[in-house]
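Please read these points with the sequence and the model open beside you. They go from the whole chain to single residues.

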Amino acid sequence: MARTTGYALLAALAALVVVVSTAIFVIVGRVDVSARTGRPSLAAGGAGTAAPAAAGSWVGTWSAAPADGEPGTADGYPGWSIRNVVRTSVGGVSVRVHLSNAFGAAPLVFAHASVARSAGGGAAAVRGTMRALTFAGQESVTVPVGGGVVSDPVQLAVPERADLLVTTYAALPSGPVTFHPEARQISFMARGEHTGQVSGRSFRTPSPYWRYVSAVDVLNARAAGSVVFLGDSITDGFASSVGANHRWPDYLADRLSDSADPRLRLGVLNEGISGNRVLRDGFAGSGQGALRRLERDALSQTGVRTMVVELGINDIIRPPQQGSADAVVAGLREIVARGHARGIRVIGGTLLPFEGHGMYGPATEAVRERVNAAIRAGTVYDAVIDFDKALRDPYRPTRMLPGYDSGDHLHPGDAGYRRMAEAVRPALLRGSAATKV
């Protein structure tokens, strides 16, 4: 073949590749809303189900731990659309959603599901952002008892620190509903199939819970991974302002977002459950013990590089009380060992003071102080954040500084959660050597 002829043939092939690639991108990026159903409809070729090829990696941008089966939902919510409002940490060009049936008693069939950007944090979606979710190319999916599913990727520009809407619709009875009760965020429900409704006008039933959705991932070319926060009500944000995203990991996500250090472009994943313990399961709604849920809720999160642990106070103060500081510390060390086995750096916080709370007393305070001594000695975690020191009253160190106290003498308020985030040196989240602060 002559050289000029070969060049012409190569040029023609290259042009064909460009035309085909452009067509694929246009098909993948288009999601139409059906005038008949109000749902995003899948155009020919599986529109809305696959993300275009892009450099980058998947990283978790939001998560919430499945805590229990929702009381009174033996049949689930058949015939209802549930629209969860969730807050991103890092952004991306594509998104995928994790749905959970961790506490269900029967297989859970989602007939349809969608994701969109929220217009102002309410039930309405930003126009042009509604995407139907598929699972292995199908609109419906069956989630096994105790299991979860991940949607196919969809192309969607996801900003950092923005609200997303994850909407599910189940037509058939199936329960109990896996939920996260202490969301500190208002989500919405509507009778009927409204997964693709942009206006949100049918979602007239507010809800304080997150149901079914357990995580959201984004495709991001610059993210350095994610940080997962394993904790109890203090990490869950109990007593923080509803709808304000004032949990301490939220405040920390703001700090990371503002950082110029590319190594701190990290997804923030909150796996706190109110009432959670290290060594055993807690009361209804407080989740499985941390050692039981560690793999599902923390170690298997997308892109996780570092885990931050703030646990132990409920083991000490909630019946049956754990009177042995050594037992609590041993449980924390097991969390660290299992994190290390997965190549994850583990940072831990000291336990906050709680004088004035109904469960405070000389015995419980002595156990807390012994646990904190072990943590400060550097024999538990790779690095230490001294939350106790940051929030305690310097003139009465067994109690929280009143300005940080929510009023129950156990949980911080918004100012206290902000102070917790300020106590974290961001460099700890990207370091590799054991450090104490």
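1. Helices here are DSSP runs of H or I with at least four residues, strands are DSSP runs of E with at least two, and both are numbered from the N terminus. On that basis the chain holds 9 helices and 26 strands. This is a predicted model, so local features need pLDDT of at least 70 and side-chain atom pairs count only at pLDDT 80 or more, while totals for chains, interfaces and linings use all residues. Residues are numbered from 1 along each chain as its sequence is written, and side-chain values use heavy atoms, with hydrogens and water left out.

2. The chain has 437 residues, and 56% of them count as buried. Buried means under 20% relative accessible area, exposed means over 50%, and partly exposed lies in between, with a 1.4 Å probe and protein chains only. Now the contacts, meaning heavy atoms within 4.5 Å. Among those between residues at least 6 apart in sequence, 79% join residues at least 24 apart.

3. Start the helices with H6 and H7. Two packed helices are described by the angle between their axes and the distance between the axes. Axes are lines fitted to C-alpha atoms, for helices over the stretch in contact, and angles run from 0 to 180 degrees between N-to-C directions. H6 covers residues 325-341 and H7 covers residues 362-376; their axes come within 9 Å and cross at roughly 40 degrees. That makes H6 oblique to H7. Angles under 35 degrees count as roughly parallel, over 145 as roughly antiparallel, 65 to 115 as roughly perpendicular, and the rest as oblique.

4. H6 passes H7 in a right-handed crossing. A crossing is right-handed if the near helix is turned clockwise from the far one by less than a right angle, and left-handed if anticlockwise. From H6, Ala325, Val328, Val329 and Leu332 take part; they meet Val367, Arg370, Val371, Ala374 and Ile375 of H7. By class, this contact of H6 with H7 has 8 nonpolar, no polar and 1 charged residues. Ala, Val, Leu, Ile, Met, Phe, Trp, Tyr, Cys and Pro count as nonpolar, Asp, Glu, Lys and Arg as charged, and the others, Gly among them, as polar.

5. H6 also packs with H4 (residues 290-299), at an angle of about 30 degrees and with the axes 11 Å apart. H4 and H6 are therefore roughly parallel to each other. Their crossing is right-handed. H4 brings Ala290, Leu291, Leu294, Glu295 and Leu299 to the contact, and H6 brings Gly331, Glu334, Ile335, Arg338 and Gly339. The contact of H4 with H6 has 5 nonpolar, 2 polar and 3 charged residues.

6. Next, the rings. Those of Phe, Tyr and Trp (its six-membered ring) pair if their centres lie within 6.5 Å; planes under 30 degrees apart count as stacked, over 60 as edge-to-face and the rest as tilted. The structure holds 7 aromatic pairs. In one of them, Trp62 and Trp210 have ring centres 5.1 Å apart and planes at 80 degrees, so the pair is edge-to-face. Trp62 lies in strand E3 (residues 57-63) and Trp210 in strand E17 (residues 210-211), so the pair ties together parts that are 148 residues apart in sequence. Trp62 is buried at 6% relative accessibility. Trp210 is buried too, with a relative accessible area of 6%.

7. Which residues do ring pairs link into a cluster? They are Phe229, Trp248 and Phe387. In helix H3 (residues 248-258), Trp248 is one of the buried residues, along with Pro249, Asp250, Tyr251, Leu252, Ala253 and Leu256. The buried residues of H3 pack against several elements, including strand E19 (226-231), helix H8 (387-391) and helix H9 (414-422).

8. Finally, check the backbone. Most residues other than glycine have a negative phi, and most peptide bonds are trans. The bond from Gly175 to Pro176 is cis, with omega near -5 degrees. Pro176 lies in the loop between strand E13 (163-170) and strand E14 (178-180). The bond from Pro319 to Pro320 is also cis, with omega near -10 degrees.

9. Tyr212 is not a glycine, yet has a positive phi of about 70 degrees. Tyr212 sits in the loop between E17 and strand E18 (213-220), and is buried at 4% relative accessibility.
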